[in-house]
Amino acid sequence: MAEYDGKKDREEDEGSDGHQKVLELLQKAQDADHDMRDKARETFLFITKSDGQWEPTWWSSNASKPRYTFDMCTPIVDQVAGELEQADFDIRVNPAGGSATKDVANTFDGMIRNIENISDAKVTYNQAARGMVTTGYDGWRVSQKFIDDDSFDQDLVIEKIANFIDRVWFDPSAELQDKSDAKYCFVLHPVDVNEYDRRWPEGGRESVSDDRDGDAYFDKSEVILVGEYIYCEEEERELVMINNGHVYEAEEYDKIKDELAAIGVEEVRRRKRMDKKVCSRFFDAKGFLEDKKETVFSTIPVVPVYANYKVFEHKTLYAGVVDKLMDPQRVLNYSMSREIEEGALAPRAKYWMTMAQAAGHEDSLSTLNTNADPVQFFNVDQENPGAPQQQGGAIVNPGLRTITEAMRGMIGYTAGMFAANMGDNPGLQSGVAINSLQNKGDTATIKYNKALQIAIARTGELLVKAIPKVYDTARTVRVLKEDREYSMAEINAQVFDQDTQEFVTVNDLSAGTYDVICRAGPSFRNRQQETIEAIIEIAKVDPSIIQLGGDILLDNIATPAAEQLSNRKRAMMLQQGIIPQDQMTEEELAEQQMAEAGQQQAPDPNMVLAQAEQLKAEAEMMRSQIEMQKLQNEQFKLQLEAQKLQTQTIGDQADNQIDAFNAETKRMDTQIKAQQAGATIDNTSAKTMGEELDNQKKMSDMMEEQMLKSRIPFMSEAELVSLANN
């Protein structure tokens, strides 16, 4: 299948070739799902349009006959959709690998609940669930938006796409129920003409096709249908894993690797992978309206909800609860309308009598159906003895009544909904019988619950992958708990760890991998009621349960007075030490520590006096030891001075001896030179004298070296430096 290459330049894309390829992709997506969408539209109009539960041809050709609608399908849709609306669908994030932690997973949980809260996602889920139950197909999208006009921070939001049947078209090659494997998707937007001209003054002002064969309604606003092409682009990425478990892109890591190496962070290994990024671009039937825009998503952020999802012969099949109810409902409408028609057109029952019997009583007989007379008189006619007889009256075809009752039962069995499910229990069966019927109905409708679970889990996956990219700076975010209580959490904050002497990131949302599940169950309020009933039942067997869990029992009673009582009960339980520390809040732990510090008993005065005397004695002993140490230091100082003086004296004597020796050596050198100059000296005598002089020189050097060594400990730093230089 041809796919638009989003990597082309804008000039290339704006040509007829690139735009034409996008239109071809849209046409292929619509052709592949045309029959299923027609059926979905028909089921939607069957429930919502006034004449939707009649075949159009019969309705048009029988305008003069009764055409009544006895809707038994909408209550079934309400029943199934109502069960979904009353249930809680909770996205749960779990650590899956790398440096993922349970604390960060809990932060993800709270952030996703907050995103759902600010997006009013519960309403979006409920509307999509009702559409899915009715037609088999509906959904929503995840988008990124700025928090407000004056902020650079962005948030993720969950948005409903109205008229999902006509406006959303997926890649027909995608086969997963949540369409997470889709390469592209089209979302069509009806834009008011004036708004279109304001946003795209150079646009072609021609709508793209929505694949409808006709219109069910005609009084509508004038709009131009603009397409949004959402598609995946692939590009090669090189990843670097470092020794603290983090993974960086190679281009990003290479810029800071020297700084990381300086603090002991080193590369472990590299690998290449193909990375997906999702882009979007607006277009109309004439051309592109905007440049492409990159998003924070790696897969298509549009989430479909399919009921009775199947793939057969490479084709996606789906159907809602209404699909198989249409025929019996139409037959029911027809049979009951005919039954009413025949009853209305049948002659009334009348009294038959002779003229002789009525003679004289004409006034009362003419008002027989309106007067309140207790008796009616008549004349006896010998030719026709006996009282007047009533004959005639409406006789309706009994076959119509049989058909009507058969269709009533057929609708219930086809939908899998029984009397107990619909609140219709005229037989007043036992509770066991009612539960049995309810279980049969739940078995038939659980598939709609699972379909919604799959879609909401897909939403969680999109959010978990996008949150680290949107919330990528140090921020304080609100995290929402299951009971709708909230707290604030710091994410991506750099904190210095005293133990490791390194900076660590608190709630690093980009580290590790996480998987997502969606849990479905009774609503939180229903679970509260179940908790109350369970605690009370257990307390009948073990009364201490109320003492141990009184605060929990009161917390699950949703009234302001119960909340006040719960706070008082918990405070009392804290004073009694019933609540363990691992179940206390940080504020309660802090208050407990302060209370323990303030409740310490005052010491005994005698004990205080004894401790003071002991401290005084210890101080006196320490003072004596200090004085003794000072005396010892003074003695040691005097010894050092004496030793230094003695060493100085020895050094002076050695200097004098060296000076005398040097003078003698100089005298002998002079004498030798004189002898050599005046006469020839015997070589042997000269040699002997020379050796004697050398020995004397060596002895002088040795003495000088010994004297220097003895003086080194008492030399100043400057003297040592001078000695080393010489």
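Colleague: In which loop is Asn163 found?

Modeller: The model is predicted: local features need pLDDT of at least 70 and side-chain atom pairs count only at pLDDT 80 or more, whereas totals for chains, interfaces and linings use all residues. Residues are numbered from 1 along each chain as its sequence is written, and side-chain values use heavy atoms, with hydrogens and water left out. Helices (H or I, at least four residues) and strands (E, at least two) are DSSP runs, numbered from the N terminus. In these terms, Asn163 belongs to the loop between β3 (154–160) and α8 (164–167).

Colleague: What is the relative accessible area of Asn163?

Modeller: Asn163 is not a glycine, although its phi is positive, at about 50°. Buried means under 20% relative accessible area, exposed over 50%, and partly exposed in between (1.4 Å probe, protein chains only). Asn163 is therefore classed as partly exposed, its relative accessible area being 38%.

Colleague: What is the phi of Arg205?

Modeller: Arg205 lies in the loop between α9 (193–199) and β6. With a relative accessible area of 44%, Arg205 is partly exposed. It is not a glycine, yet its phi is positive, at about 60°.

Colleague: What is the angle between the planes of Phe186 and Tyr229?

Modeller: The whole structure holds 18 aromatic pairs. Rings of Phe, Tyr and Trp (its six-membered ring) pair if their centres lie within 6.5 Å; planes under 30 degrees apart count as stacked, over 60 as edge-to-face and the rest as tilted. Phe186 and Tyr229 are 5.1 Å apart, centre to centre, and count as stacked, since the angle between their planes is 20°.

Colleague: How many residues apart are Phe186 and Tyr229?

Modeller: Both Phe186 and Tyr229 are buried. Phe186 is in strand β5 (residues 184–192) and Tyr229 in strand β6 (residues 223–242). The pair thus links distant parts of the chain, at a separation of 43 residues.

Colleague: At what distance from the ring centre of Trp169 does Arg37 lie?

Modeller: Arg37 is one of the buried residues of helix α3, together with Met36, Ala40, Arg41, Thr43, Phe46 and Ile47. A charge sits over a ring if NZ of Lys or CZ of Arg is within 6 Å of the ring centre and within 35 degrees of the ring normal. Arg37 lies over the face of Trp169, and its distance from the ring centre is 3.9 Å.

Colleague: What span should helix α3 have?

Modeller: Helix α3 (residues 34–48) has 15 residues. The expected span is 1.5 Å times one less than the number of residues.

Colleague: Which residues does Arg458 touch?

Modeller: Arg458 is in helix α15 and counts as buried, at 3% relative accessibility. Contact means heavy atoms within 4.5 Å. Not counting residues up to four places away in sequence, Arg458 touches Asp178, Ser180, Thr299, Ile300 and Val303.

Colleague: How far apart in space are Thr445 and Val133?

Modeller: Thr445 also belongs to helix α15 and is buried, at 5% relative accessibility. In sequence, Thr445 and Val133 are 312 residues apart. Their C-alpha to C-alpha separation in space is 9.5 Å.

Colleague: How far from Cys279 is the nearest cysteine sulfur?

Modeller: A disulfide is a pair of cysteine sulfur atoms within 2.5 Å, and the whole structure has zero disulfides. Cys279 is in no disulfide; the nearest cysteine sulfur is that of Cys232, at a distance of 8.7 Å.
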